[in-house]
Amino acid sequence: MSSSRFEQVRSIAADLFAVPTSKLTSESSPDTVEAWDSTQHLTLVLALEEHFGFQLTPEEIEDMHTLGDVMRVVDSKLNPAER
Amino acid sequence: MRKEIDELLAGGSWRAAYNRLGELWRREKGQAASAFVTSRCALLRDHIPFTVCRLTILRSFTVEPIVGPLRAAAWLSGIDLQVQIGDFNAYSQEILDPGSSLYRSSPDVVVLAVQSSDIAPDLWSRSADISSDAIAEAAEHTHKNYRQWVRIFREHSSANLIIHNLEQPVVPSLGVLASQSNSGQRAAFERINQELRNLPREYSGVFILDYDSLVGRHGRERWHDERKWLTARMPIAADMVGQLAHEWLRFLTPLAGKTAKALVVDLDNTLWGGVIGEDGMTGIKLGPEYPGACYQSLQRALIDQHRKGILLAICSKNNLEEAMEALAHHPGMVLRPEHFAAIRINWEDKAQNLREIAAELNIGIDSLAFLDDNPVERENVRTALPEITVIDLPPDPVNYAATLRDCPVLERLSLTNEDRQRTALYAAERERSRVEENFTTKEDFFRFLEQEADISAVVPETLARVAQLTQKTNQFNLTTQRYTEQQISTLAARIDTSVLSIQVRDRYGDHGLVGVAIAHDVDGDFEIDTFLLSCRVIGRTVETALLAHLAEQARLRGRRRLLGRFFPTRKNAPARDFYRNHGFHLESQDGDGSLWSLDLNQETVPYPEWIRLNINVGGRN
């Protein structure tokens with residue numbers, strides 16, 4: 001993942017979960033981020049779709065357990081050839 | 001930019017932070033930005049005046065992701081929107097059960113957002129299977145359900161109710177056949193929606209949101225996200241969520257009283273293409289062909305706002321003669337000088353001109369909306385006058401009219417006679433002020449005016465206007481109590497309460513219904529709960545006539561004293577000395593306001609002799 005894309009995802013998550021970007025790593029997950037509940041998970045999905053202009057499948061959504069997973073999914077959506 | 005905003009907040013630069021949040025939102029609009037805006041605006045609660053509005057959403061689908069963009073946009077329109085969401089598909093129980101959390105939370109506004117597929121599943125997915133009789137029956141059953149909910153809701157709540165109508169399926173179950181008959185699925189949903197449109201006429205404070213048109217406007221296929229519907233009960237695509245939030249705001253903005261009373265427009269490259277001072281009458285673009293047609297469309301959209309009672313005004317940097325010549329005589333003009341209640345065409349600073357326009361129209365700066373093609377002028381105005389609503393015209397004039405029509409601050413939820421005649425009222429007012437200068441004493445001027453006033457108990461025909469005045473009047477308003485039509489109607493039905501309106505005419509014309517007084521029995525006294533007057537008749541002793549009548553009513557009701565309160569706001573200084581000037585005594589005073597009294601055994605408020613009064617308060621009083 002390009003660093004700017006990484007920053008974009010991190011910045012979206014920081015806005016939604018109301019935490020500073022510096023507190024978010026690829027290991028961040030609903031277990032470590034207080035505001036990341038199931039409602040916010042759906043909002044995160046919508047925010048990513050809105051920002052990157054793609055639609056995520058239910059399978060992809062289920063695979064997003066950590067911020068690292070989220071970034072992998074975003075990468076595979078945007079660069080399908082590198083999968 | 002986020003960092004900068006957080007620094008402004010940390011440094012206590014509240015207004016600057018608020019303006020930057022507005023800029024961020026205009027640039028980014030979306031889930032992430034909305035979460036940022038919402039969390040930061042909450043910090044401004046104690047520093048910038050917001051109107052609190054409590055919203056409850058009753059729903060059959062996932063609405064949680066809509067709340068973020070909705071609240072962000074509301075914050076930036078000056079509304080602190082506090083949202084509660086009902087359980088999935090519990091809307092019917094919530095409405096029918098008088099003890100439900102819906103009623104206990106006493107919201108200001110309730111949205112009933114129910115999908116066609118949930119409320120009418122047979123019509124939605126089985127209509128090809130069932131007989132045309134069964135289809136008609138299902139349609140009737142559905143609209144009768146709505147009718148029952150509204151009736152019961154009104155028994156338990158005076159909140160405003162916004163009801164989504166029912167959307168048509170993306171593709172009708174019988175395909176093109178659906179359009180060949182008046183008894184199928186398509187006709188059934190049309191029938192239900194037709195019935196729903198009757199409800200606002202029968203119940204005050206009930207409004208229909210045309211969800212079917214909203215979905216159609218953006219494209220049914222683009223609107224829906226079937227996968228998210230099936231997995232998360234969220235039927236709306238990510239990039240359409242903001243559109244539903246915006247549609248809700250078109251109702252919530254006027255319900256929260258955040259409407260523009262006047263719309264101030266620029267001329268060059270706004271009302272016409274080009275610059276009149278350089279291109280001249282024959283050079284500016286304005287006519288039925290492109291590109292002049294874009295400007296004619298905008299002018300037609302402006303006329304429509306004018307018909308809704310919104311005053312139009314001009315603020316333009318130009319030579320007055322040249323610009324007026326175009327306004328009055330250009331063959332492509334749809335608007336003419338008489339459509340404008342105030343005109344400032346000069347080379348002065350626009351912010352200063354806008355202040356003068358507000359003063360001339362006797363409205364607050366925060367009641368102005370400003371329309372200008374030039375982003376630099378818009379930014380200057382935004383910075384100099386943060387209270388004003390600045391409308392962002394898009395770069396391409398083709399989209400001007402649509403942008404204007406999409407502004408929540410220009411929405412009206414009901415129209416009164418006063419709205420329809422507003423510009424004529426202001427023209428008569430200019431004439432009065434001109435004449436007033438020729439009289440040496442005020443009394444002579446009052447006699448010359450030949451004022452006539454009707455004081456009446458509120459009736460169904462005047463409910464909308466009375467409620468509107470309580471919501472919109474800021475200056476001559478003693479207590480600034482806001483009431484909905486429904487609340488006024490409830491008050492008027494009480495035997496211990498008197499809800500009065502005053503209509504005023506004079507030799508220059510009819511002012512319409514311009515004042516409201518509400519008073520009720522408290523122990524042995526008669527206490528004034530609301531006393532207000534539209535600013536265009538202040539200072540002509542109409543207020544004295546209304547107060548004199550209240551004193552008379554109190555005496556007839558056998559009351560000992562007439563009591564009145566004054567609650568100061570940022571705007572109601574004109575009303576501050578009202579009770580003192582009419583012989584009331586100060587009873588008490590604290591941080592919230594003051595209480596005044598008039599002993600009816602010893603004192604009275606004399607009727608002004610120059611106003612001819614017609615009293616029509618019914619048998620009850």
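In which sense do strand β4 (residues 160-164) of chain B and β5(B) pair, and over how many bridges? The two strands pair in the parallel sense over four bridges, pairing being assigned if DSSP finds at least two bridges between strands. The model is predicted, with local features requiring pLDDT of at least 70 and side-chain atom pairs pLDDT 80 or more, while totals for chains, interfaces and linings use all residues. Residues are numbered from 1 along each chain as its sequence is written, chains are lettered from A in the order in which they are written, and side-chain values use heavy atoms, without hydrogens and water.

Within β5(B), F207(B) is the bridge partner of I162(B). In a regular strand, side chains alternate between the two faces of the sheet. In strand β5 (residues 206-209) of chain B, V206(B) and I208(B) point one way and F207(B) and L209(B) the other, and all are buried (under 20% relative accessible area, 1.4 Å probe, protein chains only).

Helix α4 (residues 64-76) of chain B and helix α15 (residues 241-255) of chain B have axes that come within 8 Å and cross at roughly 50° (lines fitted to C-alpha atoms over the stretch in contact, with angles from 0 to 180 degrees between N-to-C directions). Contact (heavy atoms within 4.5 Å) involves residues including P65(B) and L70(B) of α4(B) and W248(B) and L252(B) of α15(B). The residues of this contact divide into 12 nonpolar, no polar and no charged, where Ala, Val, Leu, Ile, Met, Phe, Trp, Tyr, Cys and Pro count as nonpolar, Asp, Glu, Lys and Arg as charged, and the others, Gly among them, as polar.

Key:
Buried means under 20% relative accessible area, exposed over 50%, partly exposed in between (1.4 Å probe, protein chains only).
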